[in-house]
Amino acid sequence: MKSKWLPMTKIQLMGLFGINKAKNSADPAVKRKAAGGLAALAIVGAVMIFYIVLIAVSFCRQGIGQHLPALTIALTSLITLLFSLLHGCSSLFAMKDYDLVMSLPVTKRDILISRLLCSYIANLAFALGVAIPCLVVLFVMDGFSVSVLAVTIVGAVFAPLLPMAVAITVSALLTALTAGFKYKNLLQSLLGIIAFAGIMIASFSISFGANAEQDIDMNAMYRLFVADIYPPALLIEMTLDGTIWAIFLFIGASLLIAAAFVLVLSLGYHKIHDALTAKSARSAYRAKEIRSSSALSALTKREFKRLLTCPAYLLNGLSGTLLLLIAGIALLFVNVQESLIQMQLSIGSTGELAYAGFGIFIFCAGISCPSASALSLEGNSRGQLFVLPVPARKILLAKALPTFLINTAAGYITSIIFCIKIGADLPGWITLLISIPLFGAFIAIFGIFLNLKFPKYDWTTEIQVVKQSIPVMIAVFGSMILGFAAIFLGILVGFWIVLALDILCIVCSIACWLYFKNVRLCV
């Protein structure tokens with residue numbers, strides 16, 4: 001039978017951002033939403049490229065532009081590993097249309113290859129988005145080289161294969177370990193959180209170990225990410241130094257591991273699917289006293305329960321919050337003033353550093369935005385919620401509250417540690433303690449607003465909503481850009497940039513809240 005993985009991949013890619021739906025829909029609103037989402041992503045991508053160019057320029061100015069190809073491969077591989085770990089294996093095995101797909105005249109290997117290929121293409125687009133700007137800067141500042149161009153592009157093409165295989169294998173093993181447990185979803189979430197925290201703690205430990213021994217410059221950044229964290233990228237460096245066989249070793253190892261990965265997982269495809277979708281036996285019913293509560297309280301508890309029992313939702317929705325807490329704990333063991341000296345950073349006062357700390361919170365809280373996917377996760381069962389005799393604004397508020405409460409709590413914990421460690425003055429303390437709930441409220445309400453504008457109810461796996469949907473991407477990448485800008489401007493401008501951001505958060509939150517008053521949730 002002829003392989004069908006290519007047309008299956010095309011169909012999935014067309015449906016990834018609603019392109020196929022917009023193409024075949026007669027409703028102009030659907031086309032406008034798809035075009036608006038793609039335009040927003042293009043703007044976010046352009047700003048990210050701007051930051052990548054700044055890093056590349058710094059490398060070339062320090063005379064170490066030759067290290068950029070290896071650093072590019074290392075960074076893209078590590079980010080692919082992290083996001084693939086958060087992605088998990090549910091999108092490959094636990095899709096809602098499993099029975100429909102398995103009834104098609106296709107092999108399990110075709111299904112697995114097509115779904116892996118979609119993830120690979122997304123990661124490849126990111127890798128090329130990093131590699132190409134770096135190469136342009138390198139060629140402009142240090143001169144053009146055919147060998148550097150060829151090796152870097154080839155490396156970027158094959159770089160996502162190894163981290164994808166490792167991350168999905170780890171996710172599959174976590175699934176196997178928790179199969180059969182009554183609370184397996186919660187256990188999978190906890191194991192995923194532990195794995196994520198372990199990666200981040202190891203990264204911080206290596207970073208701080210490097211800081212203690214040497215000044216932080218771009219050369220140190222290269223040694224940290226390439227030599228210490230991701231040694232396979234050294235094969236790119238070796239190739240450019242004249243060891244031609246190194247690039248073939250890099251390609252061969254990536255292809256071999258990917259092929260073995262597809263072969264092994266295709267053999268156990270049904271078993272993995274059953275482990276992911278099997279329902280555990282429930283205990284006997286026990287009568288309990290019924291406690292009355294408000295509609296808002298009940299709806300909020302429902303949102304927390306959904307967040308805690310869906311591993312993909314929890315890991316992707318709380319990754320920034322975990323990062324923020326880990327950074328706060330790490331600060332307890334770091335001398336901030338000595339670290340600033342080692343980094344050769346000149347900060348005028350601890351107040352300026354406190355204002356920059358708000359940008360760090362924006363970055364972490366923005367990439368922890370469960371509200372941006374909370375509405376879409378209702379999927380085909382949204383009718384059960386939307387027909388309740390409850391105002392739509394109350395439903396939307398309940399979906400925003402978990403994001404606000406979690407981010408604000410984590411922000412307060414880390415900001416208190418941060419202010420104590422840097423010896424912040426009174427204005428710095430007040431600014432952080434006031435600004436954190438303001439941005440927490442904004443990102444929670446704005447996430448729901450985006451989800452209203454770009455809903456995705458026809459998903460087959462939660463990953464399509466919590467990671468790949470337009471609202472999540474806009475919230476995550478937009479907050480990254482705003483966070484980086486707030487860090488730099490907080491140091492340069494100080495209090496006034498924080499005040500401007502606070503006013504912006506208040507205005508946007510009120511505007512969204514007023515907009516919710518006339519919203520109608522239609523099934």
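1. Let's start with Glu-303 and Arg-302, whose side chains meet in a salt bridge with an N to O distance of 3.4 Å. Please keep in mind throughout that this is a predicted model. Glu-303 is buried, at a relative accessible area of 7%, whereas Arg-302 counts as partly exposed because its relative accessibility is 36%.

2. Arg-302 has another partner: its side chain also forms a salt bridge with Glu-378, at 2.9 Å from N to O. This pair links distant parts of the chain, as Glu-378 sits in the loop between helix 19 (371-374) and helix 20 (382-386), while Arg-302 belongs to helix 15 (residues 295-309), 76 residues apart. With 5% relative accessibility, Glu-378 falls under the 20% limit and therefore counts as buried.

3. What does Lys-399 form a salt bridge with? The partner is Glu-303, and the closest N and O atoms are 2.7 Å apart. Because Lys-399 lies in helix 21 (residues 392-422) and Glu-303 in helix 15, the pair ties together parts 96 residues apart in sequence. Both Lys-399 and Glu-303 are buried. Through shared partners, the salt bridges join Arg-302, Glu-303, Glu-378 and Lys-399 into one network. For context, the whole structure contains 4 salt bridges.

4. Now for the rings. The structure holds 11 aromatic pairs. In one of them, Phe-358 and Phe-361 have ring centres 6.5 Å apart and planes at 20°, so this pair is stacked. The two residues are 3 positions apart in helix 18 (residues 350-366), which means about one helical turn separates them. Phe-358 is buried at 1% relative accessible area, and Phe-361 is buried too, at 4%.

5. The ring centres of Phe-446 and Phe-449 are 5.9 Å apart and the planes are at 20°, an angle under 30 degrees, so the pair is stacked. Phe-446 and Phe-449 are both in helix 22 (residues 426-453), 3 residues apart, or about one turn of the helix. Phe-446 counts as partly exposed, with a relative accessibility of 24%.

6. Which residues form one aromatic cluster? Phe-358, Phe-361, Phe-439, Phe-442, Phe-446, Phe-449, Trp-513, Tyr-515 and Phe-516 do.

7. Val-493 is placed in the loop between helix 24 and helix 25, and its relative accessible area of 44% makes Val-493 partly exposed.

8. Finally, the chain overall. The protein chain has 25 helices and 0 strands. Of its 523 residues, 49% are buried. Among contacts with a separation of 6 or more, 83% are between residues 24 or more positions apart. The accessible surface comes to about 25200 Å², and carbon and sulfur atoms account for 71% of that surface.

Technical notes:
Residues numbered from 1 in each chain as written. Predicted model: local features only at pLDDT ≥ 70, side-chain atom pairs only at ≥ 80, totals over all residues. Heavy atoms only, no water. Helix = DSSP H or I, 4+ residues; strand = E, 2+ residues; numbered from the N terminus. Buried < 20%, exposed > 50% of the residue type's maximum accessible area, 1.4 Å probe, protein only. Contact = heavy atoms within 4.5 Å. Areas by Shrake-Rupley, 256 points an atom, 1.4 Å probe, with all protein chains shown as cover. Phe/Tyr/Trp six-rings, centres within 6.5 Å; stacked < 30°, edge-to-face > 60°.
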